Amino acid sequence: MADKKATREAYGAALATLGEKYDFVVLDADLAAATKTGVFKKKFPERFFDCGIAEGNMVSVAAGIATTGQKVFATSFAMFAAGRAYEQIRNSIGYPHLNVNIVGTHASITVGEDGATHQCSEDLALMRTIPGMTVISPADATEAYAAVEAALLHDGPCYLRFGRFAVPDLTAEMSDYKFELGKGVTYREGSDVTIVANGYMVHLALEAADILKAEGISAGVINIHTIKPLDTELLTKAAKETGAIVTAEEHSVIGGLGAAVCEALSETCPVPVMRVGVQDTFGRSGKVPELLEMYGLTAANIAENARRAIALKK
Amino acid sequence: MDKKKQLELSRIANDIRIDVIEGVYNAGCGHPGGSLSMADVMAYLYFEELRIDPKNPKWEDRDRFVLSKGHTAPVLYAALAERGFFPKEDLKTLRKTTSYLQGHPDMKGTPGVDMTTGSLGLGFSAACGMALSGKINNKDYRVYTVLGDGESEEGQVWEAAMFAAHYKLDNLVAVLDWNGLQIDGPIAEVMNPTPHDEKFRAFGWHVISICAHDLEAIEAAFAEAKTVKGKPTVIIAKSVKGKGVSYMENACEWHGQAPKEDLYKVAIEDLEKIAESLK
């Protein structure tokens, strides 16, 4: 069984380690303990700046810093980074295409007890609409770490999404793993259906593939950690080879991975696509395992939707 | 300030005002009122204050200027053109589809524009970021920004004001264009943001109040700002919106519209009369 670790933990660790190698500054909006930028703050206090509870200002300050050639991370919960500061991200960072990494932690349902106001299931959709924005939702701690470094080296704005809840670090067990922006990772080849997942749902996609395998259904599993730019080539190949797709995301099915996959495949290889995710609704308070069950973010539901997608094949 | 310099800067400010009218008239739209109100400040900034090089607009150690009230782009473009960042004749392409002079400042497309602005409040924060980066990287450049009085109704302005004072950004100077008018009417009637001096002082800023059309006062204010340590400076510049064009002065309706041909001619006549008096 793989080690379990939240991707936000990997974010803090990555900042602290990469801070030795690269010159960058980190901003937070009074959530350093939760977002784990506090780990960086402890090690590099002179390169950490708390902006207080003022996310809009933080994002535009980050833009100003970036205009001087200084690399910068601006961090808050996904709700307040991508949500509250959307317009600042669009106009101060996106439009002038500045080198700012915007980081949203505590995304969506796995926030748990804090409930709907803090469970942002719309951040990837919002960020995806901004021209030139790279949007990344890593699956586990090892991938999250790699994503932080890739974003740092990338020329242009990036949005990185991390979770609060611990997730099995499957990437750590892959010997030939290489993180490349915009390139999906094939975990498993299949012939009947392909499960396309990202973030917290990747390990559940693999569990779903096991459930289907026991029934004699061959399911491929792809991790699309970069939702924009989307790996259309890999998705088209999967659609051609298996003829049916299930998407699985801890995000609204409107505007997120499921939507992005449908948009792409409708132009390259239209096949049935079933979308597992938050179904146009708000979250609520509760224990994470209970909420995941309630919102259908489970291996069983992915498997069920795989059967439906297969049934829809002509 | 000696008389010669004062006269020269007054001429430049008047040329900037003519450029503003030409640009907005040719575009058929735009924001003349709040451009004309800041012409003297912009003339002083671009010809006396800012450490800049028109031949090297991306010079790393240059002073930065952020027009936080980005809708008054015509006055920024006029100042940049007069200072030689790009040809003056290009000002007539303002807001045209093929022009690099966008309706609101675009740092990627226009030489000399240090920050993309237009959405109110955002530029002020970006100026804070530039000033902070200067501190982090031990650079001695200074950062200047111009805010609108109406703009100060945006909450983000006060988030930025708090930030700049907290991080002791004494390399930052904000000029607040106190012309008293916004699109919907007098600021006091729409949503009164005054008193700015007391508010900024309470936020931890050094406050200087001047007349926005008095070049000697402008010079003294920027000089005083350089002596202030440990806190940012705001210059509250009481101005006449539409300054220099008879029918635009203190007239709210000229916040965001261009004159048609007859009124364009009146505007140019008004400004040429001023030019004559400065000979």
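Student: How are α5(B) and α6(B) oriented to each other?
Tutor: In this predicted model, helix α5 (residues 122-136) of chain B and helix α6 (residues 155-166) of chain B have axes 8 Å apart, and the angle at which they pack is about 15°. Angles under 35 degrees count as roughly parallel, and therefore α5(B) and α6(B) are described, relative to each other, as roughly parallel.

Student: Is the crossing in which α5(B) passes α6(B) left-handed or right-handed, and how many nonpolar, polar and charged residues has the contact?
Tutor: The crossing of α5(B) past α6(B) is left-handed. On the side of α5(B) the contact is made by Leu122(B), Phe124(B), Ser125(B), Cys128(B) and Leu132(B), while α6(B) contributes Gln156(B), Val157(B), Ala160(B), Ala161(B), Phe163(B) and Ala164(B). Sorted by class, the contact of α5(B) with α6(B) has nine nonpolar, two polar and no charged residues.

Student: What are the angle and the handedness for α3(B) and α4(B), and how do the residues of their contact divide by class?
Tutor: Helix α3 (residues 39-49) of chain B packs with helix α4 (residues 73-83) of chain B at an angle of about 35°, the axes being 10 Å apart, and their crossing is right-handed. The contact includes Met42(B) and Phe47(B) of α3(B), together with Leu76(B), Glu82(B) and Arg83(B) of α4(B). By class, the residues of the contact of α3(B) with α4(B) divide into eight nonpolar, no polar and two charged.

Student: Which strands are the edge strands of the open sheet in chain B?
Tutor: The open sheet is formed by five strands of chain B in the order β1-β2-β3-β7-β6, with parallel pairing, and the twist from one strand to the next averages 20°. Edge strands are those that pair on one side only, and in chain B they are β1 (64-67) and β6 (206-211).

Student: Which residue of β7(B) stands opposite Ser209(B)?
Tutor: β6(B) pairs with strand β7 (residues 233-238) of chain B in the parallel sense, over six bridges. Within β7(B), the residue opposite Ser209(B) is Ile236(B).

Student: At what angle does α5(B) run to β2(B)?
Tutor: Both α3(B) and α5(B) lie across β1, β2 and β3 of chain B. For α3(B) the angle is given to β1(B), at about 165°, whereas for α5(B) the angle to β2(B) is about 165°.

Student: What average pLDDT does chain B have?
Tutor: For the complex, the predictor gives a pTM of 0.97 and an ipTM of 0.96. In chain B, 100% of the residues score at least 70, and the average pLDDT is 98.

Technical notes
Residues numbered from 1 in each chain as written. Chains lettered and ligands numbered in written order. Predicted model: local features only at pLDDT ≥ 70, side-chain atom pairs only at ≥ 80, totals over all residues. Heavy atoms only, no water. Axes fitted to C-alpha atoms, helices over the stretch in contact; angles between N-to-C directions. Helix = DSSP H or I, 4+ residues; strand = E, 2+ residues; numbered from the N terminus. Parallel < 35°, antiparallel > 145°, perpendicular 65-115°, else oblique. Left-handed = near helix turned anticlockwise from the far one by under 90°. Contact = heavy atoms within 4.5 Å. Nonpolar A, V, L, I, M, F, W, Y, C, P; charged D, E, K, R; others polar. Pairing = 2+ DSSP bridges. pLDDT = per-residue confidence, 0-100.
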